[in-house]
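Okay, everyone, thanks for coming. Let me put the structure up, and then I'll walk you through a few parts of it.

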Amino acid sequence: METQLDPMKDDLPLMANTSYLLVKHYVLDLDVDFKRKVIEGSIVLFFETGSQYRKSSSAGKECCQSQFDEICKMGASEPCHIPMINVSTCSSKMECNDFAVSGIEEEATSDENSNHSNNEQASGISSSKDCCDIEDHGNKDFLLVLDCCDLSVLKVEEVDVAAVSGIEKFTRSAKPTGVSKELENLRNRIVHELVTLPADRWKEQLHYFTHCSQAPGCGELLFSTGAWSLEIRKSGIQTPVDFPHAIRIWYKTKPEGRSVAWTTDQSGRPCVYTMGSPINNRALFPCQEPPIALSTWQASVRTAAGFVVLMSGENSAEPVQHREGILSWYYYVSMPMPASTFTIAVGCWQEVKQQSFKQKAAIGTNTEFSLASSQTDLRWHEEICGHVEYPCRFQNPAARLQAVIPYRVFAPWCLMESCEEYLLQLVPQCLSAAYATLGTHPFSRLDVLIVPSNFSSLGMASPHIIFLSQSVLPGGSHLCGTRLCHEIAHAWFGLAIGARDWTEEWISEGFATFLEDIFWARAQQLSHDETKGQQELKALLRWRRLRDEVQNSEEELQVLRPKKESTGELSESGASVVKYGLKAEKIFMQVHYLKGYFLLRSLARKIGEVSYLASLQKFVIKFHGQLVLSQDFLSMLLEDIPKQKQSGLTVESIFQNWLDTSGIPKLLPDQLVLLLEFLLEEKTLCPRILQCLERTYQLQEQDAEVRHRWCELVIKHKYEPGYGDIERFLRDDQAMGVYLYGELMVNEDAKQQELARKCFAAAQEQMDASSAKVVAEMLF
């Protein structure tokens with residue numbers, strides 16, 4: 001039902017029609033089979049009516065028709081899979097395995113504790129007509145669209161939540177009389193009451209989500225699959241309000257699916273994990289991918305004994321025996337997050353334990369160091385959170401004082417010693433440094449996993465879990481520490497605060513890159529001068545990397561806000577695209593990290609680091625648990641620092657100079673001084689490089705600090721075309737020129753010494769007596 005996009009060139013489609021129905025909670029019940037390289041089972045989705053229908057449910061028919069019109073414009077549909085039986089005759093108590101689905105079947109795997117078979121429906125009774133064709137099934141039925149690819153969907157059914165014991169407390173009217181329409185409305189009311197329970201009843205809510213997910217099916221739904229989506233409808237249901245708000249999807253992944261990687265770890269043992277695919281999790285489970293679809297989830301995952309299941313979850317799961325040789329692991333989250341942040345890793349991971357008193361003592365030291373530094377953030381916690389209701393750590397007094405959250409480190413057996421040497425000690429230090437900078441940790445615990453060598457990045461952060469590459473382990477603590485700090489920073493920027501439009505990656509990566517330097521300096525407890533030196537060196541290295549990337553990449557990929565004024569806009573149905581999301585080269589580009597970093601660095605320089613970090617902390621308090629656009633941060637920052645507006649710094653100017661254009665923005669004077677000082681350390685620079693430097697940065701139009709460094713370069717490398725610049729500087733900037741006279745003389749170059757005497761003779765009468773005396777002693 002969608003255009004067949006080129007996976008190597010085009011934008012990533014987000015097909016889910018979130019404006020009509022919005023997933024509020026997922027319950028996954030899965031088996032991991034390493035022999036077949038398949039993850040299979042079911043997922044139950046609990047919905048709330050979307051914004052488009054909350055506005056006016058009376059406009060259902062027109063909205064539904066416009067949705068169909070929109071989808072039909074995108075291309076021809078795939079065939080609809082229609083079960084052989086009449087859905088309307090299904091009993092609400094019918095079990096899932098009571099359905100006889102036609103089509104080609106695989107041999108079912110025997111599982112005495114499973115309530116379903118693994119029959120894959122290949123075709124059923126199909127129609128080749130367009131899905132919007134009235135002759136096929138009419139164009140009045142509402143169509144639910146989920147993001148999905150590389151999955152074998154076996155069956156979709158409505159869940160009879162009304163059959164759950166004790167569920168009566170969620171109904172506001174008398175028990176149903178058995179009339180089909182009334183029963184359907186009751187089920188949807190139950191789901192509505194369940195998903196809107198207040199945050200202080202989250203445990204009860206989780207309990208009933210579990211029991212509702214295990215309720216029997218009460219009618220199979222029609223579905224079709226395309227390259228990027230799963231489309232579901234119920235015959236005769238014309239609006240999202242009447243569509244089932246709890247559905248179960250039976251499916252299995254494919255070995256070639258692009259959301260997970262089946263591989264072996266460094267010890268040669270099999271494993272599977274989500275590796276941060278450009279298509280996110282849609283090849284792991286059918287979902288709503290747009291970031292606006294914030295949801296909670298819980299998952300039970302079964303696999304062979306000997307394997308460890310790690311996942312995005314608030315709890316540190318302990319396995320329970322499912323049957324002989326099979327263990328079950330259970331995780332949950334109560335903070336709504338985009339489905340793209342769900343992460344799983346199943347392998348023979350070993351937990352790296354703390355072995356020495358020294359490591360435990362380090363935790364205590366860093367905790368005390370951090371608590372004093374972050375007391376300033378507590379006053380902001382008096383404000384009411386702006387996010388949807390959930391059990392928020394920012395409102396929890398104990399959580400606000402927790403400098404180091406509980407953590408665990410996992411790795412393949414052969415890397416345990418390396419992890420114990422550095423990584424295990426660095427985790428509490430970096431967590432404490434992050435707390436000292438930003439305050440309350442958004443998540444209650446952290447697992448760190450060293451993933452297999454085929455991982456294409458140095459690190460990846462997800463709720464409650466961080467993946468690190470084995471490449472960060474050798475060679476001391478520096479790379480390991482800086483990368484760990486970067487990923488920890490994502491807990492605030494990228495996870496607790498997400499981009500409303502995924503094309504604005506800089507909101508996540510730019511902030512994490514900027515904050516990693518601050519976290520790492522504090523983790524090392526460096527002095528002010530040591531911190532400044534380390535950060536200036538990193539800035540130079542990043543500048544060179546950014547310059548090289550800009551010179552060797554497509555201009556369109558260098559823009560941090562490629563959709564410009566339309567950033568954050570959605571279609572009527574809620575569908576959208578991630579611009580350039582499927583361009584292979586974009587995955588490896590650093591421009592959104594580095595250009596975003598330099599924007600934040602320039603703002604910090606203008607405002608002052610203390611005020612800037614205070615604004616960052618305020619931003620976290622105001623926007624945690626929410627999705628933002630660039631202007632949300634920039635507007636708040638400029639409102640806090642009104643004098644910056646008076647100096648001409650505006651949101652619009654930042655868009656124009658930094659976010660909406662390709663290339664590198666104009667360097668700030670301090671950045672140019674830094675660049676020239678590092679070039680002064682080079683033994684030789686050819687005239688062509690110096691000429692290019694002067695023309696590129698128009699050095700004679702810069703301030704005196706920059707021009708002074710330029711004159712030093714001219715003197716050191718005897719660049720004669722720049723001698724006129726020295727003459728002008730010694731004439732017009734006498735307050736800063738005394739040092740240059742000494743430089744001209746010390747080289748013992750006849751032309752430079754002649755230039756020094758010539759300039760002194762011309763300026764001597766205007767110089768103050770002390771300066772003239774000092775220069776005369778240098779020259780004669």
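I'll begin with a term: a pocket, on a 1 Å grid over the protein atoms alone, is an open set of points where a 1.4 Å probe fits, with protein on both sides within 12 Å along at least five of seven lines, and its lining residues have an atom within 4 Å of a point. Its volume is the space filled by probe spheres set on the points, which are joined across faces, edges and corners. By that count, the second largest pocket here holds about 790 Å³ of space.

Quick housekeeping. This is a predicted model, so local features need pLDDT of at least 70 and side-chain atom pairs count only at pLDDT 80 or more, while totals for chains, interfaces and linings use all residues. Numbering runs from 1 along each chain as its sequence is written, and side-chain values use heavy atoms, with hydrogens and water left out.

Back to that pocket. It has 35 lining residues, and Leu22, Lys24, Leu294, Pro336 and Val388 lie nearest its centre. The lining splits into 18 nonpolar, 13 polar and 4 charged residues; nonpolar means Ala, Val, Leu, Ile, Met, Phe, Trp, Tyr, Cys and Pro, charged means Asp, Glu, Lys and Arg, and the others, Gly among them, are polar.

Which element gives the largest share of the lining? That's α5, with 4 residues. Helices here are DSSP runs of H or I, at least four residues, and strands are runs of E, at least two, numbered from the N terminus. Among the buried residues of α5 are Leu206, Tyr208 and Phe209, where buried means under 20% relative accessible area with a 1.4 Å probe, protein chains only.

Zooming out, the protein chain has 23 helices and 25 strands, and 58% of its 780 residues count as buried.

Now the inside. A nonpolar core is a set of buried Ala, Val, Leu, Ile, Met, Phe, Trp, Tyr and Cys residues joined through side-chain atoms within 4.5 Å. The largest one has 197 residues, and Ile232, Ile249 and Leu423 have the most contacts inside it. Helix α8, residues 416–438, gives the most to this core: 11 residues.

Last stop, Phe243, in the loop between β9 and β10. Is it buried or exposed? Phe243 counts as buried because its relative accessibility is 0%. Beyond residues up to four places away in sequence, Phe243 touches several residues, including Leu21, Phe142 and Ile232, a contact being heavy atoms within 4.5 Å.

Technical notes. Buried means under 20% relative accessible area, exposed over 50%, partly exposed in between (1.4 Å probe, protein chains only).
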